[in-house]
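Keep the sequence and the 3D view open while reading.

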Amino acid sequence: MIDNPMDAHQYALQANGSFALPDACFKIKALMENEDSSIEDFANVISVDPSMTSRLLQIANSAIYSFPGEISTISRAITIIGTQAIYNMMLVDVAATAFKHFSNQAIDLKRFWRMSIFCGLATKNLAIKAGIRDIERLFVAGLLQNFGELIVAKISPEIAQQCERYSAEQLPWVLQKQALGFTYTDISAELLKIWQIPEKIILPIRHFNEAKTIQINKDVKVLYLASRLALVDSHPETFNYDDSVDESLCANLNISRDDLAQAIEFAAEEAENILTIMNGGLFSK
């Protein structure tokens with residue numbers, strides 16, 4: 001029985017009240033919408049914050065983008081990977097800060113981190129296999145899709161603890177729906193909308209749990225598959241790939257079993273590296 005007076009939007013509003021998107025993100029978004037903006041304009045906004053500059057360069061040189069040679073300046077990063085990728089990397093940086101802000105003892109934080117990073121990396125890899133362009137935004141979508149869990153853990157820890165008791169018989173999103181009346185991803189989508197994150201990042205988050213029942217774009221299906229792979233990665237003793245992965249979706253995306261295996265291997269190998277970059281080594285092995 002649902003005994004929760006708050007809806008997904010109200011959770012998102014409370015989260016935004018205590019952790020707002022930095023002004024730099026809005027400035028970068030405004031520059032992206034202005035055709036007269038120069039690379040120097042973007043670099044000037046980012047370089048004001050030495051911490052953000054350092055972190056963005058770390059991420060630009062990480063396995064997320066896999067560029068040959070070192071990217072040593074923000075201007076070079078923008079020239080090579082484009083303004084959209086820089087904006088997406090800023091969102092990754094924001095996620096790292098927000099994750100720390102909302103962290104508490106109500107949920108298994110290491111599990112949350114691992115699943116989020118794994119999902120982002122697997123989403124990116126599967127997007128390549130499915131022939132999707134602009135894959136960086138799908139890494140961001142995979143990373144942020146379950147952000148609502150942290151928000152609930154902060155605001156309603158007893159509900160978060162209840163939702164933590166999922167199993168093969170009672171899947172996470174089913175338990176969330178029973179306890180809240182909606183899922184963590186619904187909260188994530190509402191918060192990203194408040195933050196004015198581009199709709200193409202929000203759309204797969206908002207709809208991916210419906211991937212099997214509605215006709216919708218490849219982004220949704222790829223994120224759906226990646227989230228299931230992340231669940232198995234974090235709980236191999238409870239879930240398995242054969243039961244968790246929908247073969248009809250794979251066929252629809254032209255993703256083979258070998259492709260899935262490669263996505264799993266890529267995400268598993270790189271997850272700890274990305275965690276170290278984003279979280280200052282807190283959860284590194």
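## Burial and a loop histidine

A residue counts as buried when its relative accessible area is under 20%. His-235 has a relative accessibility of 15%, so this residue is buried. The structure is a predicted model.

Where does His-235 sit? It is found in the loop between helix H13 (218-234) and helix H14 (241-244). Which residues does His-235 touch, apart from neighbours within four places in sequence? Its contacts are Arg-111 and Tyr-166.

## Helix H7

Helix H7 covers residues 136-144 and is mostly covered. Eight of its nine residues are buried. The buried stretch holds Arg-137, Leu-138, Phe-139, Val-140, Ala-141, Gly-142, Leu-143 and Leu-144.

## Helix H3 and its buried face

Helix H3 runs over residues 39-47, and Phe-42, Ala-43 and Ile-46 are buried in it. Viewed down the axis of H3, its buried residues fall within an arc of 95°, so they line one face of the helix. In general, an α-helix has 3.6 residues a turn, so residues three or four places apart point the same way.

What do the buried residues of H3 pack against? Their partners are helix H2 (23-32), helix H4 (50-60) and helix H5 (74-102).

## H3 against H5

The axes of H3 and H5 are 10 Å apart, and the two helices pack at an angle of about 60°. H3 is therefore oblique to H5. Their crossing is left-handed.

On the H3 side, the contact is made by Ile-39, Phe-42, Ala-43 and Ile-46. On the H5 side, Ile-74, Ser-75, Ile-78, Thr-79, Thr-83, Ile-86 and Met-90 take part. By class, this contact of H3 with H5 has eight nonpolar residues, three polar ones and no charged ones.

## H11 against H12

Helix H11 (residues 184-194) and helix H12 (residues 199-207) have axes that come within 8 Å and cross at roughly 160°. The two helices are therefore roughly antiparallel to each other. H11 passes H12 in a left-handed crossing.

Which residues meet here? H11 supplies Thr-185, Asp-186, Ser-188, Ala-189, Glu-190, Leu-192 and Lys-193. H12 supplies Ile-202, Ile-205 and Arg-206. The residues of this contact of H11 with H12 divide into four nonpolar, two polar and four charged.

## Loops with positive phi

Most residues other than glycine have a negative phi. Gln-196 has a phi near 60°, a positive value in a residue other than glycine. Gln-196 lies in the loop between H11 and H12. Its relative accessible area is 44%, so Gln-196 is partly exposed.

Asn-254 also has a positive phi, near 60°. This residue is found in the loop between helix H15 (247-253) and helix H16 (257-279). Is Asn-254 buried or exposed? With a relative accessible area of 64%, Asn-254 is exposed.

## A link across the chain

Ala-20 is found in the loop between helix H1 (8-18) and H2. At 47% relative accessibility, Ala-20 counts as partly exposed. How are Ala-20 and Trp-195 placed? The two are 175 residues apart along the chain, yet their C-alpha atoms are separated by 7.5 Å.

Technical notes:
Residues are numbered from 1 along each chain as its sequence is written. This is a predicted model: local features need pLDDT of at least 70, side-chain atom pairs count only at pLDDT 80 or more; totals for chains, interfaces and linings use all residues. Side-chain values use heavy atoms; hydrogens and water are left out. Axes are lines fitted to C-alpha atoms, for helices over the stretch in contact, and angles run from 0 to 180 degrees between N-to-C directions. Helices (H or I, at least four residues) and strands (E, at least two) are DSSP runs, numbered from the N terminus. Angles under 35 degrees count as roughly parallel, over 145 as roughly antiparallel, 65 to 115 as roughly perpendicular and the rest as oblique. A crossing is left-handed if the near helix is turned anticlockwise from the far one by less than a right angle, and right-handed if clockwise. Contact means heavy atoms within 4.5 Å. Ala, Val, Leu, Ile, Met, Phe, Trp, Tyr, Cys and Pro count as nonpolar, Asp, Glu, Lys and Arg as charged, and the others, Gly among them, as polar. Buried means under 20% relative accessible area, exposed over 50%, partly exposed in between (1.4 Å probe, protein chains only). The arc is that of the directions from the helix axis to the C-beta atoms.
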